[in-house]
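Good morning, colleagues. I would like to present one structure today, moving from its aromatic rings to its strands and its cores.

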Amino acid sequence: MNDILKSCTLCPRECKVNRYEHKGFCGETAKVRIARAELHMWEEPCISGTEGSGTVFFSGCCLKCCFCQNYEISAQSKGFELTEQELADTFLRLQSMGANNINLVNPTHFVPQIIKALDLCKDKLTIPVVYNSGGYERTETIREFSDCIDIWLPDLKYYDSSLSEKYSAAQNYFSMASKAIKEMIRISGGLAWDPENPGLLKKGVVIRHMVLPGAKEDSIRLLHWIKEELPPGQFLLSILSQYTPFYKSSQYPEIRRRITTYEYEKVL
């Protein structure tokens, strides 16, 4: 799959940039870059557990969310380069620190390189691998990763294309994310829990949705879609309340605030 980087179509942008020579829409070349790799205690409890998730934050992003909390990494491309061997060593270092899993945060634009890194350490890596993304994915890319990923942790940000265009510059967000999440559920085959620690997920899909200020009706439409279109009992759902007006959200008066208790409770 590495040749795809010569005319990159890894994400729904399909910018077709030769990333061996130039930066793609994601802001990254073919050289893997990360901003941080440490134990992370603040994922969903079934991911972090008590030991923490071995989280690797990849630089760049295929979304342009105006409220991104990690904008220095995603939009401003903070980070440093690693070879695929160094990335594999990073995975093993996190495992040796007691991580419950390897948590790949925003990995879409580095899928071929991550596959190589995982292949380099597959004989030593014994913990699950988590694909933690904004949900804006091509099903073709998801399938390439199908043998490498145990837990899928996608966002499902918007139902309304006008909202996704306005806040994330992705008019086709829902059409792509909805197909990708269905594919993740099909690949995972359902939920599996750690027999030695029943609160820890070993395999499956956790869908995240963050309620936005003034957009509770969009959240409710998403929940109706989930109920009508996704197989019951085959995934988990996490409704997030921690929206904070970071980055460029000040340019949009309607989201220049935290959500209210009423908005969140209405969605619940």
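This is a predicted model: local features need pLDDT of at least 70, side-chain atom pairs count only at pLDDT 80 or more; totals for chains, interfaces and linings use all residues.

Are Tyr167 and Tyr252 buried or exposed? Tyr167 is buried, and so is Tyr252, where buried means under 20% relative accessible area, exposed over 50%, and partly exposed in between, with a 1.4 Å probe and protein chains only.

Residues are numbered from 1 along each chain as its sequence is written, and side-chain values use heavy atoms, with hydrogens and water left out.

Let me turn to the aromatic pairs. A pair of aromatic rings is described by the distance of the centres and the angle of the planes. Rings of Phe, Tyr and Trp (its six-membered ring) pair if their centres lie within 6.5 Å; planes under 30 degrees apart count as stacked, over 60 as edge-to-face, and the rest as tilted. A search of the whole structure finds 10 aromatic pairs. In one of them, Tyr158 and Tyr173 are edge-to-face, at 5.5 Å centre to centre with 90° between the planes. Tyr158 lies in the loop between β6 and α6 (161-168) and Tyr173 in helix α7 (residues 173-188), so this pair ties together parts that are 15 residues apart in sequence. Helices (H or I, at least four residues) and strands (E, at least two) are DSSP runs, numbered from the N terminus. Both Tyr158 and Tyr173 are buried.

The rings of Tyr167 and Tyr252 have their centres 5.5 Å apart and their planes at 90°, so that pair is edge-to-face. Here the link is between distant parts of the chain, with Tyr167 in helix α6 and Tyr252 in the loop between β9 (236-240) and α9 (261-267), 85 residues apart. Ring pairs also link Tyr131, Phe145 and Trp152 into a cluster.

Next, the strands, which pair if DSSP finds at least two bridges between them. Strand β2 (residues 53-58) and β4 pair in the parallel sense over 4 bridges, with Thr55 opposite Asn103 in β4. From β4 (residues 102-105), Ile102 and Leu104 point one way, Asn103 and Val105 the other, and all are buried. β4 also pairs with β5 in the parallel sense, over 4 bridges, and Leu104 has Tyr131 as its bridge partner in β5.

Strand β5 (residues 129-133) runs parallel to β6, joined to it by 4 bridges; the partner of Asn132 in β6 is Leu153. Between β6 and strand β8 (residues 197-210) there are 2 bridges, again in the parallel sense, and Ile151 stands opposite Gly204 in β8.

Finally, where are the nonpolar residues gathered? A nonpolar core is a set of buried Ala, Val, Leu, Ile, Met, Phe, Trp, Tyr and Cys residues joined through side-chain atoms within 4.5 Å. The largest has 74 residues, and those with the most contacts inside it are Phe67, Phe91 and Leu156. Helix α7 gives the most to this core, with 9 residues. Apart from it lies another core, of 7 residues, among them Cys46, Val130, Ile151 and Leu201.

Thank you for your attention.
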